[in-house]
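Colleague: I would like to learn how to read pockets, domains and salt bridges in a model. Please take them one at a time.

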Amino acid sequence: MKTYRIALYPGDGIGTEVVSATTAVLDTVASQGGGFSLAYESFDWGMTHYEAHGRVAPDDFLATLRRFDAIFLGAVGWPARLPDHVTLAPLIRMRQAFDLYACVRPARTFPGVAGPLRRTEPIDVVVVRENSEGEYVDNGGVVAMGSPQEVAVQTAIHTRRGVERILRFSFDLARTRRRKLTMITKSNAQRYAYVLWDRVLQEIAPDYVDVETDKLHIDAATLELVRRPHTFDVIVGSNLFGDILSDLTGGVTGSLGLNPSANLNPERTFPSLFEPVHGSAPDIAGKGIANPTGALLSGAMMLEWLGQTTSAARMRQAVERALAAGHATPDIGGALTTTQFTDAVVANLVP
Ligand code: NAD
Ligand code: IPM
Ligand code: MN
């Protein structure tokens with residue numbers, strides 16, 4: 001029987017709550033004839049580690065993670081106790097050091113879950129976020145800090161190779177779905193970086209004539225994702241735009257707590273990283289009411305990536321069945337705790 005080694009990085013706030021829910025469901029799926037097992041090692045990185053050791057993760061945390069088949073993260077950040085750019089640094093570091101350049105963030109409506117929009121057409125989109133460069137490159141500096149003359153410079157980096165590989169990844173993904181790709185930029189104002197995206201799209205689109213291709217600027221995209229979200233299929237954008245759009249797609253489908261993500265190294269040179277799209281939600285942390293759906297579906301994405309497609313489908317189906325039966329945490333209008341909802345998902349696993 002195959003055993004996968006999984007590194008758990010529960011992190012802060014509700015991160016720990018949704019990771020416990022996910023391992024409970026994953027273990028049940030594996031034990032019900034899944035034909036595989038999961039060997040976890042959990043790390044206390046984040047605020048807990050910081051308070052004990054003065055840093056959020058050990059210096060060699062990347063070398064530690066490298067040995068695993070996959071990494072599962074809850075959420076990081078506790079801004080009241082530590083500035084976010086400190087707590088969040090290891091997450092961005094993993095994405096870049098492990099070349100997890102394809103961040104895949106599906107968002108869909110579920111029968112049984114009401115969304116905030118008046119329109120009722122089902123929404124089923126995937127935001128593909130360039131995850132290794134762009135606006136998230138650690139490139140800049142500050143001069144004359146604290147003085148009235150202070151200058152801060154932060155320069156994004158977009159490479160032809162980086163843009164081309166994420167666009168090709170997105171076209172390939174669109175081919176497995178409704179064959180529609182929308183590229184998001186701001187090339188009307190940012191005339192170097194995003195015009196590169198426009199040029200690369202134009203160059204490679206002839207290789208994908210079977211995929212309907214469209215472009216929107218980020219401002220128009222935010223409008224259209226509220227006005228006609230059901231018309232989108234695969235949406236691709238830079239690191240920052242993908243981040244913003246994936247909170248928006250969470251919002252329009254009913255709750256940010258519903259949305260999973262996979263940070264993939266498609267070449268499989270490094271372990272890929274799976275995490276819900278949401279953050280540590282300090283406003284509800286410790287109350288036991290976080291919606292674990294985004295984390296559970298991230299767990300299913302991890303199983304899929306590891307090749308356990310049947311178990312991944314069982315897990316997705318159990319979540320859908322639980323939601324359709326009206327089981328719900330408060331963010332989607334219910335009254336269940338995280339644990340009660342998780343139990344409902346387990347009860348809905350079809351043998
Ligand atoms: P957030 O995603 O944590 O929360 C936004 C809102 O959505 C809150 O009202 C929260 O209660 C709600 N929410 C989020 N997830 C939910 C869930 N599973 N169930 C029910 N409700 C849920 O965003 P924020 O408040 O802007 O950020 C909080 C912290 O998380 C910050 O430190 C931020 O930097 C960090 N953050 C981390 C990640 C990550 O680890 N990948 C992602 C986003 C934000
Ligand atoms: C996300 C988060 C991160 C990001 C933060 C925590 C650095 O918002 O994963 O969406 O901006 O990428
Ligand atoms: Mn985000």
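**Pockets, domains and salt bridges**

Modeller: Start with the largest pocket: strand S4 (102-108), strand S5 (124-130), helix H6 (160-175), strand S11 (260-264), helix H10 (293-305) and helix H11 (309-324) each supply at least two residues of its lining. Helices (H or I, at least four residues) and strands (E, at least two) are DSSP runs numbered from the N terminus. This is a predicted model, in which local features need pLDDT of at least 70 and side-chain atom pairs count only at pLDDT 80 or more, while totals for chains, interfaces and linings use all residues. Residues are numbered from 1 along each chain as its sequence is written, and side-chain values use heavy atoms, with hydrogens and water left out.

Colleague: How is a pocket found, and what volume does the largest pocket have?

Modeller: Rolling a probe the size of a water molecule over the atoms shows where empty space is left. On a 1 Å grid over the protein atoms alone, a pocket is an open set of points where a 1.4 Å probe fits, with protein on both sides within 12 Å along at least five of seven lines; lining residues have an atom within 4 Å of a point. Points are joined across faces, edges and corners, and the volume is the space filled by probe spheres set on them. Here the largest pocket has a volume of about 710 Å³. It is lined by 27 residues, of which Val104, Pro106, Val126, Leu173 and Met301 are the closest to its centre. H10 gives the most to this lining, five residues.

Colleague: Which classes of residue make up the lining of the largest pocket?

Modeller: There are 17 nonpolar, two polar and eight charged residues. Ala, Val, Leu, Ile, Met, Phe, Trp, Tyr, Cys and Pro count as nonpolar, Asp, Glu, Lys and Arg as charged, and the others, Gly among them, as polar.

Colleague: Where does the largest pocket lie relative to the domains?

Modeller: Domain 1 (1-104 + 260-351) and domain 2 (116-253) both give residues to its lining, so the largest pocket lies between them. The domain bounds come from an automatic or database domain assignment.

Colleague: How do the two domains meet?

Modeller: In contact terms (heavy atoms within 4.5 Å), 13 residues of domain 1 touch 16 residues of domain 2. The area buried between them is about 1,200 Å², with 57% from carbon and sulfur atoms. Buried area is the accessible area (1.4 Å probe) that two parts lose on being put together, summed over both. Gln96, Tyr101 and Cys103 supply 47% of what domain 1 buries against domain 2.

Colleague: How many salt bridges cross the interface of domain 1 and domain 2?

Modeller: Side chains of opposite charge can pair when their charged atoms come close. The rule asks for a side-chain nitrogen of Lys or Arg within 4 Å of a carboxyl oxygen of Asp or Glu. It finds one across this interface, and the structure holds 23 salt bridges. Glu41 and Arg5 form a salt bridge (3.8 Å, N to O). Glu41 lies in strand S2 (residues 36-42) and Arg5 in strand S1 (residues 2-11), so the pair ties together parts 36 residues apart in sequence.

Key
Chains are lettered from A and ligands numbered from 1 in the order in which they are written.
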